[in-house]
Amino acid sequence: MSEVSSPDGLPIIQPTRDKVNELLDHVDRNADEVVGKVPPHYQEATVQLAAVNSVMAGCAPECFPVVLAALEASLEEQFNLYGALATTHPCWPSVVVNGPIIDEVGFNAGANAYGQGNRANATVGRSLTFIYMNVGGAVPNTGDKATQGGPHKFGLCVAENEAESPWDPLHVERGYDPDQSAVTVVASEAPHNINDHISESAAGIVTTAARSMAVPGTNLAYLNERGEPHLVLSPEHASTIARDGWTKKDVKQFLYDTARIPMYDLKGRGMYDEKGGGWPKRFNNAADHTELPIAESPEKFIVTVTGGAGRQSLFHPSFGDTESVTRTIPE
């Protein structure tokens, strides 16, 4: 058997005509329809090309509508896909799935949702990576200039644990109906663990989260005018926070007020530039002890609930020069 070149270095599924057609049968789209031009080389991605890459990634037919919706979301102008794919920063488009399709397809929103063991989670993210590489040319050291990259660039897709969340899920918060399925794409670093086994109050848990998020080494410390810090709460942490009567809006406001870095920790390092390059202009005249937020407003924070048992939450620092996009998944 001849060896087939693989974009990510792992084995692939041969994209036979029958297998590609199985995916195309799950979307009401013309195979030749152009979804968009994929950076960094801005080559046209048709529905059929997306299906070919998804077959290679091992995507099941019922997951293909999720791939297409996520691809279209990432191609929206405000997402700045070129920046996310071509930067030296270790970010990559990550996908959050919401709605009935979570159970219909079998996405993992519970224990080890960010890890191995679930085909839907693994292959939706991998399909997008293949499209970005094979169609867009986001190949390491050419179109993709990441200094180190990260394992999340093999593809990162999770579902929100709506059943155990005390609040509206992300897509409902953004104006969609609970019975609609949707994807949200965020340009994120790999998740960072937030460990709090002790706190028994909302303020305690969110303070731990805020201090874990407010660090000078992230892009959010400097490029935060568009940055979206993403806090992924475990169900146990979310339950404790909600038990104190906090809404998701309360969590975001507390993070905005508390996840701050003093000017003296930022000045002269990171991306600080006295001439204003790479530095929010509203901070230009800040005194050394001014506590600077890691986002422009409370609304810029993304708060979701994913995971199983345990008092561990996660923080995704975002690229800082992108805006997350939510799109519905057609039935």
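Author: One definition to begin with: buried means under 20% relative accessible area, exposed over 50%, and partly exposed in between, with a 1.4 Å probe and protein chains only. This is a predicted model, where local features need pLDDT of at least 70, side-chain atom pairs count only at pLDDT 80 or more, and totals for chains, interfaces and linings use all residues. Residues are numbered from 1 along each chain as its sequence is written, and side-chain values use heavy atoms, with hydrogens and water left out.

Reader: How many salt bridges does a search of the whole structure find?
Author: The search finds 13. A salt bridge here is a side-chain nitrogen of Lys or Arg within 4 Å of a carboxyl oxygen of Asp or Glu.

Reader: Which residue does Lys 267 pair with?
Author: Asp 288, with 3.7 Å between the closest N and O atoms. Lys 267 and Asp 288 are both in the loop between α11 (263-266) and β9 (291-293), 21 residues apart. Helices (H or I, at least four residues) and strands (E, at least two) are DSSP runs, numbered from the N terminus.

Reader: Which residues are joined into one network by shared partners?
Author: Arg 29, Glu 33, Glu 72, Glu 76 and Arg 327. Glu 33 is partly exposed at 30%, and Arg 29 is partly exposed at 25%.

Reader: Where is Arg 327 found?
Author: In strand β12 (residues 325-328). Arg 327 has 25% relative accessibility and therefore counts as partly exposed.

Reader: What is Arg 327 in contact with, leaving aside neighbours within four places in sequence?
Author: Taking contact as heavy atoms within 4.5 Å, the list for Arg 327 is Ala 69, Glu 72, Ala 73, Glu 76, Tyr 176, Ser 181, Ala 182 and Val 183. The side chains of Arg 327 and Glu 76 also make a polar contact at 2.9 Å. A polar contact is a pair of N or O atoms within 3.5 Å; within protein, one must be able to donate a hydrogen and the other to accept it, and residues adjacent in sequence count only if both atoms are side-chain atoms.

Reader: Backbone next. Which residues does a cis peptide bond join?
Author: Pro 39 and Pro 40, with omega at about 10 degrees. Pro 40 lies in the loop between β1 (34-38) and β2 (43-46).

Reader: What is the phi of Tyr 42?
Author: About 55 degrees, a positive value although Tyr 42 is not a glycine. Tyr 42 is found in the loop between β1 and β2, and is partly exposed at 43%.

Reader: And the phi of Asn 112, positive or negative?
Author: Positive, about 60 degrees, and Asn 112 is not a glycine either. Asn 112 lies in the loop between α5 (101-106) and α6 (119-134). At 44%, Asn 112 counts as partly exposed.
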